[in-house]
Amino acid sequence: VSVCVSVCESACESVSVCESVSLCVSVRESVSVVDLFTLWTRVCVFQGSNFHASRREKYGNVFKTHLLGRPLIRVTGSENVHKILMGEHSLVTTQWPRSTRMLLGPTSLVNSVGDVHRHKRKVFAKLFSHDALQSYLPKIQQVIRDGIRDWSSSEEPIVVYQEAKKLTFRIAVRVLLGFQVSEEDLSLLSSNFEQLVANLFSLPLNLPFSGYRKGMRARDNLYTYLQKAISEKLQGGQDKEYSDALDILIESAREHGKELSMQELKESTVELIFAAFATTSSACTSLVLQLLQHPGVLEKLREELGHQGLVQEGCRCQETLRMDTIARLKYLDCVIKEVLRLLPPVSGGYRSALQTFELDGCQIPKGWSVLYSIRDTHDTAQVFQNVAAFDPDRFGEERDENKGGRFNYIPFGGGVRGCLGKELAKLVLKVLGVELAISSRFQLATRSPPRMQTVPVVHPVDGLRVRFCGLDSNHNQIRPSGSDPLLGSTV
């Protein structure tokens, strides 16, 4: 692929700006506009993290860009986003790059539209019910506790983002899906899955050494293993301690008059892993970063754990968490909400206009692409005071800054395509917060916090290097951290 990119800006009459992007592409097969969104995104990354913010400040909350001479509307602001998200199936429809559609499979939830999508959401919804989450919770807590213990036993600083990905992948495979896999197989599955995720937004060129070909190969490797594991589960070949998500999915489908095929089960399994892996690992890393930078928040969280009887004089009082216990941790809930407000894992989503409609005084013709921005909407929401500050108390009962509107805070999207697994993601984050507060102290292993990168999900450019140490029953460090006095303080 040979690509030549040039960017020019000119005034636009009906919308605030027209950014014209000219790309010359020589390939063996045709590439659609949406398949080049990832290329455009990469261009924007090199422009810096403030690229879109500067355009928004200059041209307003709704402006038009051109990709290959074809229009794309970028949308910010709660009222505008509300119209897009609530207009699914009537005003707009989901739009994914061809590579994403092919790699995730034709029967996947993300590729479904209309009545098929509504039916699939009903089937999937049971996987994330209160009762289902309660059944996952003890094993989620054990995986996280074991992970922090391993981090604390390391003599060298760990790279939090990499370890968070391992943690969430383990939760997805061993807890959510209930697969009893060896460490060797888990590592192989993780490697293939990361290869799949890395190429979800690649150019759909089925050529040797292309990202798309690598993604297809990784997907096929996953399918081979998953078919064997699913077959064993269906035949009762694995011991059952609880009903995992795959069990619930099969049961829920039958309740809705549907018997899932092996292909549907494989595609659904990959989607479940994806839902519990990529964005959750990003949010877990952001949580650690914010607690490092705001020790007062962590101390206040520890006080809440004491008031709720989870910790007494440094000792853990309740070995196994329950959903009702977590629900009482109001400050922890505020902390997680603030992490997701300030650093939402996903920056936004794409839609395609099903009909011509008006948005913020601008007409969007049928067939045009629409990109709504989660991050920019959070940054511009007038209900939030001092938006750049990390301030969990903004979500507390006294201030409750988010009460002013439903779409000022949208880390999980909204409408009929809102994230189905959001309660699972928040549960993982809350358990991680509890375990970090109770069982470890940690400090930044570099002299300054890393810069954050927003593509494909939010993550630190260096992965966030942190030194952990465990705590004994008196909340004293089990071993010296060996810290450099010039490095960040221990929390």
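Modeller: Let us begin with the residue Gly178, which follows H7 and has a positive phi, near 70°. Please keep in mind throughout that this is a predicted model.

Colleague: What makes H7 a mostly covered helix?

Modeller: Of the 17 residues of H7, 12 are buried. Among them are Val160, Tyr161, Ala164, Leu167, Phe169 and Leu176. The buried set also includes Lys165 and Thr168.

Colleague: Why is Phe169 called buried?

Modeller: The term requires a relative accessible area under 20%. Phe169 has 2%, and is therefore buried. The same cut-off settles the case of Phe193, which is buried because its value is 1%.

Colleague: How many aromatic pairs are counted?

Modeller: The count comes to eight aromatic pairs.

Colleague: Why is the pair of Phe169 and Phe193 called tilted?

Modeller: Two rings pair if their centres lie within 6.5 Å, and planes under 30 degrees apart would be stacked, whereas planes over 60 would be edge-to-face. The centres of these two rings are 5.8 Å apart and their planes stand at 50°, so the pair of Phe169 and Phe193 is tilted. Phe169 belongs to helix H7 (residues 160–176) and Phe193 to helix H8 (residues 183–198), so the pair ties together parts 24 residues apart in sequence.

Colleague: What makes the pair of Phe169 and Phe277 edge-to-face?

Modeller: Here the angle between the planes is 80°, with 5.8 Å from centre to centre. An angle over 60 degrees counts as edge-to-face, so the name follows from the definition. This pair links distant parts of the chain, since Phe169 is in helix H7 and Phe277 is in helix H11 (residues 262–293), 108 residues apart. Both Phe169 and Phe277 are buried.

Colleague: Which residues form an aromatic cluster?

Modeller: Trp151, Phe442 and Phe468 form one such cluster.

Colleague: How do you know that Arg341 lies over the face of Phe384?

Modeller: The distance from the ring centre is 5.4 Å. The rule asks for a distance within 6 Å, together with a position within 35 degrees of the ring normal. Arg341 is accordingly listed as lying over the face of Phe384.

Colleague: Is Phe209 buried or exposed?

Modeller: Exposed means over 50%. The relative accessible area of Phe209 is 75%, so Phe209 is exposed.

Colleague: Why is Asp400 called partly exposed?

Modeller: The buried class ends at 20% and the exposed class begins over 50%, with partly exposed in between. Asp400 has 29% relative accessibility and therefore counts as partly exposed. Asp400 lies in the loop between H15 and H16, and its phi is a positive value near 40°, although the residue is not a glycine.

Colleague: Which residue does UniProt list as a "binding site"?

Modeller: An unreviewed UniProt entry lists Cys419 under that heading. Such an annotation may be inferred rather than shown by experiment. Cys419 is found in the loop between helix H15 (374–380) and helix H16 (422–439). At 32% relative accessibility, Cys419 is partly exposed, because the value falls between the two cut-offs.

Colleague: How many disulfides are counted?

Modeller: The count comes to zero. A disulfide would need two cysteine sulfur atoms within 2.5 Å. Cys284 is buried at 2% relative accessibility, and Cys334 is buried at 7%.

Colleague: What does Ser373 touch?

Modeller: Leaving aside residues up to four places away in sequence, Ser373 touches Arg74, Val75, Thr76, Val81, Ser347 and Gly348. Ser373 lies in strand E12 (residues 369–373) and, with a relative accessible area of 2%, is buried.

Colleague: How many helices and strands are in the protein, and what share of its residues counts as buried?

Modeller: The protein has 16 helices and 16 strands. Of its 491 residues, 54% count as buried. Among contacts between residues at least 6 apart in sequence, 74% join residues at least 24 apart.

Definitions and conventions: Residues are numbered from 1 along each chain as its sequence is written. This is a predicted model: local features need pLDDT of at least 70, side-chain atom pairs count only at pLDDT 80 or more; totals for chains, interfaces and linings use all residues. Side-chain values use heavy atoms; hydrogens and water are left out. Helices (H or I, at least four residues) and strands (E, at least two) are DSSP runs, numbered from the N terminus. Buried means under 20% relative accessible area, exposed over 50%, partly exposed in between (1.4 Å probe, protein chains only). Rings of Phe, Tyr and Trp (its six-membered ring) pair if their centres lie within 6.5 Å; planes under 30 degrees apart count as stacked, over 60 as edge-to-face and the rest as tilted. Contact means heavy atoms within 4.5 Å.
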